[in-house]
Amino acid sequence: MFDRPQYSIWLLPRADHEVALSATIGRLSTELAGARFAPHVTIQGDVALSPEQLQPRLARLAAQTPVQHWPVTLVDGTTHFFRCLFLRFGVHRGFEEMQAAAQTMTGRADGLSPFPHLSLAYGDAHEAYARQRQLLASDYAEQIIVFDRLAICRSSSHVPISEWVCLEQLPLASA
(Lines give C-alpha, C1' and ligand atoms only; values in the text may rest on other atoms or scores of the structure.)
Protein backbone atom coordinates (compact mmCIF):
# COMPACT_ATOMS: atom_id res chain seq x y z
CA MET A 1 0.00 0.00 0.00
CA PHE A 2 1.07 3.57 -0.62
CA ASP A 3 1.20 6.18 2.16
CA ARG A 4 -0.98 8.57 0.16
CA PRO A 5 -3.80 7.07 -1.88
CA GLN A 6 -3.45 8.25 -5.44
CA TYR A 7 -5.62 6.04 -7.61
CA SER A 8 -9.32 5.72 -8.42
CA ILE A 9 -11.65 3.25 -10.06
CA TRP A 10 -13.80 4.98 -12.65
CA LEU A 11 -16.70 3.91 -14.84
CA LEU A 12 -16.32 5.55 -18.26
CA PRO A 13 -18.97 6.51 -20.80
CA ARG A 14 -19.09 4.98 -24.25
CA ALA A 15 -16.96 6.93 -26.79
CA ASP A 16 -19.81 8.93 -28.36
CA HIS A 17 -21.13 9.95 -24.94
CA GLU A 18 -17.59 10.68 -23.77
CA VAL A 19 -17.08 13.14 -26.64
CA ALA A 20 -20.33 14.99 -25.91
CA LEU A 21 -19.75 15.05 -22.15
CA SER A 22 -16.13 16.20 -22.63
CA ALA A 23 -17.40 19.10 -24.73
CA THR A 24 -19.84 20.10 -21.97
CA ILE A 25 -17.14 19.79 -19.29
CA GLY A 26 -14.75 21.83 -21.44
CA ARG A 27 -17.29 24.59 -22.00
CA LEU A 28 -18.18 24.70 -18.31
CA SER A 29 -14.53 24.74 -17.22
CA THR A 30 -14.03 27.85 -19.38
CA GLU A 31 -17.24 29.59 -18.31
CA LEU A 32 -16.83 28.78 -14.62
CA ALA A 33 -13.02 29.08 -14.51
CA GLY A 34 -12.70 25.49 -13.31
CA ALA A 35 -10.63 22.44 -14.09
CA ARG A 36 -11.03 20.18 -17.11
CA PHE A 37 -11.28 16.45 -16.44
CA ALA A 38 -12.43 13.31 -18.20
CA PRO A 39 -16.12 12.43 -17.79
CA HIS A 40 -16.52 9.54 -15.38
CA VAL A 41 -18.49 8.01 -12.55
CA THR A 42 -16.25 7.40 -9.56
CA ILE A 43 -16.76 3.92 -8.19
CA GLN A 44 -14.06 4.41 -5.55
CA GLY A 45 -11.51 7.16 -5.14
CA ASP A 46 -8.45 7.56 -2.94
CA VAL A 47 -7.42 3.93 -3.45
CA ALA A 48 -4.12 3.00 -1.80
CA LEU A 49 -3.36 -0.02 -3.99
CA SER A 50 -0.98 0.16 -6.95
CA PRO A 51 -2.26 -0.20 -10.52
CA GLU A 52 -0.49 -3.56 -10.65
CA GLN A 53 -2.47 -4.73 -7.63
CA LEU A 54 -5.74 -3.36 -8.99
CA GLN A 55 -5.46 -4.55 -12.61
CA PRO A 56 -6.20 -8.30 -12.27
CA ARG A 57 -9.01 -7.67 -9.78
CA LEU A 58 -10.59 -4.94 -11.88
CA ALA A 59 -10.22 -7.03 -15.04
CA ARG A 60 -12.28 -9.79 -13.41
CA LEU A 61 -14.92 -7.28 -12.33
CA ALA A 62 -15.11 -5.74 -15.81
CA ALA A 63 -15.50 -9.19 -17.41
CA GLN A 64 -18.46 -9.91 -15.09
CA THR A 65 -20.17 -6.52 -15.39
CA PRO A 66 -22.48 -5.82 -18.33
CA VAL A 67 -22.44 -2.53 -20.21
CA GLN A 68 -24.50 -0.06 -18.18
CA HIS A 69 -27.38 2.10 -19.52
CA TRP A 70 -28.29 4.76 -16.97
CA PRO A 71 -30.97 7.41 -17.48
CA VAL A 72 -30.16 10.85 -16.11
CA THR A 73 -32.66 11.64 -13.38
CA LEU A 74 -31.55 15.19 -12.62
CA VAL A 75 -28.90 17.84 -13.19
CA ASP A 76 -27.95 18.57 -9.61
CA GLY A 77 -25.39 20.25 -7.39
CA THR A 78 -24.21 20.49 -3.80
CA THR A 79 -21.72 22.58 -1.86
CA HIS A 80 -19.15 19.76 -2.05
CA PHE A 81 -16.26 20.77 -4.35
CA PHE A 82 -16.40 17.53 -6.37
CA ARG A 83 -20.22 17.53 -6.58
CA CYS A 84 -21.04 21.17 -7.33
CA LEU A 85 -22.59 20.37 -10.75
CA PHE A 86 -23.37 16.84 -11.86
CA LEU A 87 -25.69 14.43 -13.60
CA ARG A 88 -27.51 12.33 -11.03
CA PHE A 89 -28.54 8.78 -11.85
CA GLY A 90 -31.01 6.62 -10.01
CA VAL A 91 -29.92 3.71 -7.87
CA HIS A 92 -28.57 0.95 -10.10
CA ARG A 93 -27.78 -2.61 -9.19
CA GLY A 94 -24.66 -2.44 -11.38
CA PHE A 95 -23.35 0.55 -9.43
CA GLU A 96 -23.99 -1.16 -6.11
CA GLU A 97 -22.29 -4.35 -7.31
CA MET A 98 -19.24 -2.44 -8.61
CA GLN A 99 -18.94 -0.57 -5.33
CA ALA A 100 -19.22 -3.77 -3.28
CA ALA A 101 -16.53 -5.38 -5.43
CA ALA A 102 -14.30 -2.30 -5.15
CA GLN A 103 -14.67 -2.32 -1.38
CA THR A 104 -13.72 -5.99 -1.30
CA MET A 105 -10.67 -5.48 -3.53
CA THR A 106 -9.41 -2.42 -1.62
CA GLY A 107 -10.40 -3.61 1.84
CA ARG A 108 -11.99 -0.28 2.74
CA ALA A 109 -15.13 1.82 2.24
CA ASP A 110 -13.32 5.17 2.18
CA GLY A 111 -13.59 6.86 -1.20
CA LEU A 112 -16.77 5.08 -2.30
CA SER A 113 -19.01 7.47 -4.16
CA PRO A 114 -22.12 8.28 -2.08
CA PHE A 115 -24.43 7.85 -5.08
CA PRO A 116 -24.14 7.35 -8.85
CA HIS A 117 -23.30 10.65 -10.54
CA LEU A 118 -21.15 12.13 -13.26
CA SER A 119 -19.64 15.52 -12.45
CA LEU A 120 -19.76 18.23 -15.09
CA ALA A 121 -17.77 20.81 -13.10
CA TYR A 122 -15.76 21.06 -9.91
CA GLY A 123 -15.56 24.12 -7.73
CA ASP A 124 -16.95 26.12 -4.90
CA ALA A 125 -20.68 26.36 -5.47
CA HIS A 126 -22.00 29.80 -6.36
CA GLU A 127 -24.87 31.29 -8.32
CA ALA A 128 -23.32 30.51 -11.72
CA TYR A 129 -23.54 26.78 -10.95
CA ALA A 130 -27.24 27.08 -10.14
CA ARG A 131 -27.82 28.85 -13.47
CA GLN A 132 -25.93 26.12 -15.30
CA ARG A 133 -28.05 23.43 -13.62
CA GLN A 134 -31.15 25.11 -15.01
CA LEU A 135 -29.65 25.54 -18.48
CA LEU A 136 -28.43 21.94 -18.66
CA ALA A 137 -31.61 20.38 -17.31
CA SER A 138 -33.35 20.29 -20.69
CA ASP A 139 -30.20 19.03 -22.46
CA TYR A 140 -30.01 16.00 -20.23
CA ALA A 141 -33.67 15.35 -19.43
CA GLU A 142 -34.42 11.66 -20.02
CA GLN A 143 -31.03 11.13 -21.68
CA ILE A 144 -29.51 7.68 -21.22
CA ILE A 145 -25.74 7.53 -20.74
CA VAL A 146 -24.06 4.28 -21.72
CA PHE A 147 -21.00 3.18 -19.74
CA ASP A 148 -18.79 0.52 -21.27
CA ARG A 149 -15.41 0.57 -19.45
CA LEU A 150 -13.88 0.49 -16.02
CA ALA A 151 -10.61 2.34 -15.58
CA ILE A 152 -7.70 2.57 -13.21
CA CYS A 153 -6.85 6.24 -12.97
CA ARG A 154 -4.22 8.25 -11.22
CA SER A 155 -6.61 10.59 -9.47
CA SER A 156 -7.36 11.33 -5.86
CA SER A 157 -7.71 14.15 -3.40
CA HIS A 158 -3.89 14.03 -3.20
CA VAL A 159 -3.35 14.47 -6.97
CA PRO A 160 -4.03 17.82 -8.69
CA ILE A 161 -6.91 17.56 -11.17
CA SER A 162 -4.61 18.74 -13.98
CA GLU A 163 -2.53 15.58 -13.40
CA TRP A 164 -5.39 13.08 -13.43
CA VAL A 165 -4.90 10.40 -16.07
CA CYS A 166 -6.44 7.03 -16.90
CA LEU A 167 -3.74 4.39 -16.84
CA GLU A 168 -5.76 1.43 -18.03
CA GLN A 169 -9.25 0.89 -19.40
CA LEU A 170 -11.02 -2.44 -19.19
CA PRO A 171 -14.09 -3.11 -21.35
CA LEU A 172 -17.27 -4.27 -19.65
CA ALA A 173 -18.90 -7.49 -20.81
CA SER A 174 -21.33 -7.08 -23.69
CA ALA A 175 -24.94 -6.87 -22.67
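**View 1. The aromatic cluster of Trp10, Phe37, Phe82, Tyr122 and Trp164.** In this predicted model, ring pairs join Trp10, Phe37, Phe82, Tyr122 and Trp164 into a cluster, where rings of Phe, Tyr and Trp (its six-membered ring) pair if their centres lie within 6.5 Å, and planes under 30 degrees apart count as stacked, over 60 as edge-to-face and the rest as tilted. Residues are numbered from 1 along each chain as its sequence is written; local features need pLDDT of at least 70, side-chain atom pairs count only at pLDDT 80 or more, totals for chains, interfaces and linings use all residues, and side-chain values use heavy atoms, with hydrogens and water left out.

**View 2. The stacked pair of Phe37 and Tyr122.** The structure holds 10 aromatic pairs. The ring centres of Phe37 and Tyr122 are 4.0 Å apart with planes at 15°, so this pair is stacked. Phe37 counts as buried at 8% relative accessibility, and Tyr122 likewise at 5% (buried means under 20% relative accessible area, exposed over 50%, partly exposed in between, with a 1.4 Å probe and protein chains only).

**View 3. Phe86, Phe115 and Arg88.** Phe86 and Phe115 form a tilted aromatic pair, 5.5 Å centre to centre with 45° between the planes. Both Phe86 and Phe115 are buried. The charged end of Arg88 sits over the ring of Phe115, 4.1 Å from its centre; the criterion is NZ of Lys or CZ of Arg within 6 Å of the ring centre and within 35 degrees of the ring normal.
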